[in-house]
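Trainee: I'd like to learn how to read a model like this one. Can we go through it feature by feature?

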Amino acid sequence: YGVIFLYVDSYLDMGEQFSSMFMLSFILGIAATPIWYKLSHFLDKKIVLAIAMILITGSYIYSGTLIPGETSAGQLILMKVMNTFGYVCIASISPALLSEIVDYSSWKHHHQNTALYFSIYSFISKANVAVGMALGLAIVGWYGYDATASAQGAEATNGLMLVMVWLPASLASMSLIVIVLNPINARRHQTIRRRLDSLAMRESRQMSPSVKTQEMDSEQLITAS
């Protein structure tokens, strides 16, 4: 995302399509949000996330096939819509998958770390955007890409393709592998929830005598006063 404007404007020479491409893709992305939500009820969340990551990876690879002077507005919009659809799913489903991981941690370690997990998730999400954009611009600059130049050299173009296509596609593919290898699915999460609910009920029963004792002591104090 740090170099996408350079890619559209100075590489594809389609800067006039940039704002309409983003606007249309965002509108379609908002419309697709409830679809991802409904789909997560029929499929495991990790499968839905895997589909989204495939879309994102495909959008990166597809952007590498677009040729300056031969790319149509429809092809450009298709690339951005694929990308946006994937990121919308990541943004909406990842917190739900995080809650399943938190439940597993609570069952495994008998201690709730909800705030810690959410803080780490939020920090990584924000750091990913900041570091990713800065790193992307740094790499194309290191390769000598000049957005104001009328023509780019082969090395500068290779640097742009590295940042726009190959590095993101590689990282997204690694994320896809991690998502697929996640052992928590809907059936296992239901088992974890049953065990957590059973543990909570057991602790409640163990605490109930002491609660009754405290209530009786309070009543005695009131009567004595």
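Trainee: Let's start with confidence: what does the protein chain average in pLDDT?

Mentor: This is a predicted model, and the protein chain averages a pLDDT of 87, with 92% of the residues scoring at least 70.

Trainee: Which elements have the lowest and the highest mean pLDDT?

Mentor: Helix α7 has the lowest mean, 66, while helix α3, residues 45–63, has the highest, 94. Look at residues 218–222 too: pLDDT stays under 50 there, and the model has zero contacts beyond four places in sequence for that stretch.

Trainee: On to the rings. How do I read an aromatic pair, and how many pairs are there?

Mentor: You describe a pair of aromatic rings by the distance of the centres and the angle of the planes. The count here comes to eight aromatic pairs. Take Y1 and F22: their ring centres are 6.3 Å apart and their planes sit at 85°, so this pair is edge-to-face. Y1 lies in the segment before α1 and F22 in helix α2 (residues 18–42), so the pair ties together parts that are 21 residues apart in sequence.

Trainee: And how covered are those two residues?

Mentor: F22 is buried, with a relative accessible area of 13%. Y1, at 43% relative accessibility, counts as partly exposed.

Trainee: What about Y104 and W107: what kind of pair do they form?

Mentor: A tilted one, with 5.9 Å centre to centre and 50° between the planes. Both residues lie in helix α4 (residues 73–109), three residues apart, which is about one turn of the helix. Y104 is partly exposed at 33% relative accessibility, and W107 is partly exposed at 27%.

Trainee: Which residues do ring pairs link into a cluster?

Mentor: Y1, F5, F18, F22, F26 and Y87.

Trainee: Last one, the surface. Which residues form a nonpolar patch there?

Mentor: Y1, Y87, V129 and M133 do, with about 370 Å² of accessible area together. V129 is found in helix α5, residues 114–142, and with 45% relative accessibility it counts as partly exposed.

Technical notes:
Residues are numbered from 1 along each chain as its sequence is written. This is a predicted model: local features need pLDDT of at least 70, side-chain atom pairs count only at pLDDT 80 or more; totals for chains, interfaces and linings use all residues. Side-chain values use heavy atoms; hydrogens and water are left out. Patches are made of residues with over 30% relative accessible area and no salt bridge: like charges are joined within 9 Å, nonpolar side chains (Val, Leu, Ile, Met, Phe, Trp, Tyr) within 5 Å. Accessible areas come from the Shrake-Rupley method with a 1.4 Å probe; for residues, only the protein chains shown count as cover. A salt bridge is a side-chain nitrogen of Lys or Arg within 4 Å of a carboxyl oxygen of Asp or Glu. Helices (H or I, at least four residues) and strands (E, at least two) are DSSP runs, numbered from the N terminus. Buried means under 20% relative accessible area, exposed over 50%, partly exposed in between (1.4 Å probe, protein chains only). pLDDT is the predictor's confidence in each residue, from 0 to 100. Contact means heavy atoms within 4.5 Å. Rings of Phe, Tyr and Trp (its six-membered ring) pair if their centres lie within 6.5 Å; planes under 30 degrees apart count as stacked, over 60 as edge-to-face and the rest as tilted.
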